[in-house]
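Trainee: Hi! Could you walk me through this one?
Mentor: Happy to. Have a look at it first, and then ask away.

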Amino acid sequence: MNDEKKAAFQVNFFPPLSTQGLQAKDYTNAVSFSMLAGVSKNITAFSFSGLGTYVVNDVQGVHLAGLGTYAGNNGNGFMFSGLLNRTNDFKGAGIAGLTNLTGDVNGFQFSGLFNLSKEGNMHGMQLAGLVNKAGDVKGTQFSGLANVANDVHGVQFGGLVNIAKNVKGLQFAGLVNIAETNDYPVGLV
């Protein structure tokens with residue numbers, strides 16, 4: 001017997017003012033539209049929120065929010081927020097005005113300030129105005145100030161500093177590259 005609550009469409013003004021009322025956090029919705037903010041258990045296709053969306057578990061598909069999208073578990077697809085995208089593991093493209101905060105990433109992250117992959121692995125590309133931080137990187141980190149990673153297989157391009165344990169590829173910094181082993185360091189120091 002499957003007791004999971006599902007809905008094709010949800011409309012929110014601000015919790016609990018929604019088509020699902022106080023039970024919104026228990027529903028898996030295909031589409032969620034929130035004037036200000038919304039809450040769901042999962043979203044499987046699309047969400048839009050004037051301010052923010054809080055998802056207890058997973059988000060999939062396309063998610064647009066004026067301020068932020070927060071998933072308590074994983075994300076898959078495209079997330080665009082004015083300030084913050086937050087998931088555990090993420091596959092796809094995350095674009096945030098300030099910060100993308102994730103675990104493992106497989107795809108692309110762009111933010112105005114920080115991409116933080118909380119010691120998770122990054123496979124793909126991180127671009128940040130200030131800092132990118134990840135565990136192991138297979139791909140590219142590009143930032144205006146600094147890139148920080150454990151092992152890098154690819155490229156770190158930092159405006160001032162790159163920091164890694166081992167680099168199989170290129171580190172290019174305006175000032176200094178720091179690594180125990182490095183194939184191709186390019187910088188003033």
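Mentor: Let's start with a term: a nonpolar core is a set of buried Ala, Val, Leu, Ile, Met, Phe, Trp, Tyr and Cys residues joined through side-chain atoms within 4.5 Å. Keep in mind as well that this is a predicted model.

Trainee: Okay! Which residues make up the largest nonpolar core?

Mentor: There are 8 residues in it: Val105, Met122, Ala134, Val137, Ala149, Val152, Ala164 and Val167.

Trainee: And what does Met122 touch, not counting residues up to four places away in sequence?

Mentor: Met122 touches Val105, Ala134 and Val137, along with Gly107, Gln109, Asp136 and Lys138. There is also a second, separate core of 6 residues, and Ile43, Ala71, Met79 and Phe90 are among them.

Trainee: New topic: where is Asp151 found?

Mentor: Asp151 is in strand S19, which covers residues 151-158. Its relative accessibility is 25%, so Asp151 counts as partly exposed.

Trainee: What is Asp151 in contact with, leaving aside its neighbours within four places in sequence?

Mentor: Gly135, Asp136 and Val137 are in contact with Asp151, and so are Lys165 and Asn166. Another pair to look at is Asp151 and Asn121: they are 30 residues apart along the chain, and their C-alpha atoms are separated by 9.5 Å.

Trainee: What about Gln20, is it buried or exposed?

Mentor: Gln20 is buried, because its relative accessible area is 11% and buried means under 20%. You'll find Gln20 in the loop between strand S2 (17-18) and strand S3 (27-34).

Trainee: Which side chain does the side chain of Gln20 make a polar contact with?

Mentor: That would be the side chain of Gln10, at 2.8 Å.

Trainee: Now the rings! How many aromatic pairs does the structure hold?

Mentor: The structure holds 4 aromatic pairs. One of them is Tyr54 with Tyr70, a stacked pair at 5.3 Å centre to centre with 15° between the planes. Tyr54 lies in strand S6 (residues 52-55) and Tyr70 in strand S8 (residues 68-71), so this pair ties together parts that are 16 residues apart in sequence.

Trainee: Why is the pair of Phe142 and Phe157 stacked?

Mentor: The planes of Phe142 and Phe157 are at 5° and the ring centres are 4.7 Å apart, so the pair is stacked. Phe142 is in strand S17 (residues 137-143) and Phe157 in strand S19, so the pair ties together parts 15 residues apart in sequence.

Trainee: Which residues do ring pairs link into a cluster?

Mentor: Phe142, Phe157 and Phe172 are linked into a cluster by ring pairs.

Key
Residues numbered from 1 in each chain as written. Predicted model: local features only at pLDDT ≥ 70, side-chain atom pairs only at ≥ 80, totals over all residues. Heavy atoms only, no water. Buried < 20%, exposed > 50% of the residue type's maximum accessible area, 1.4 Å probe, protein only. Contact = heavy atoms within 4.5 Å. Helix = DSSP H or I, 4+ residues; strand = E, 2+ residues; numbered from the N terminus. Polar contact = N/O pair within 3.5 Å; in protein donor to acceptor, adjacent residues only side chain to side chain. Phe/Tyr/Trp six-rings, centres within 6.5 Å; stacked < 30°, edge-to-face > 60°.
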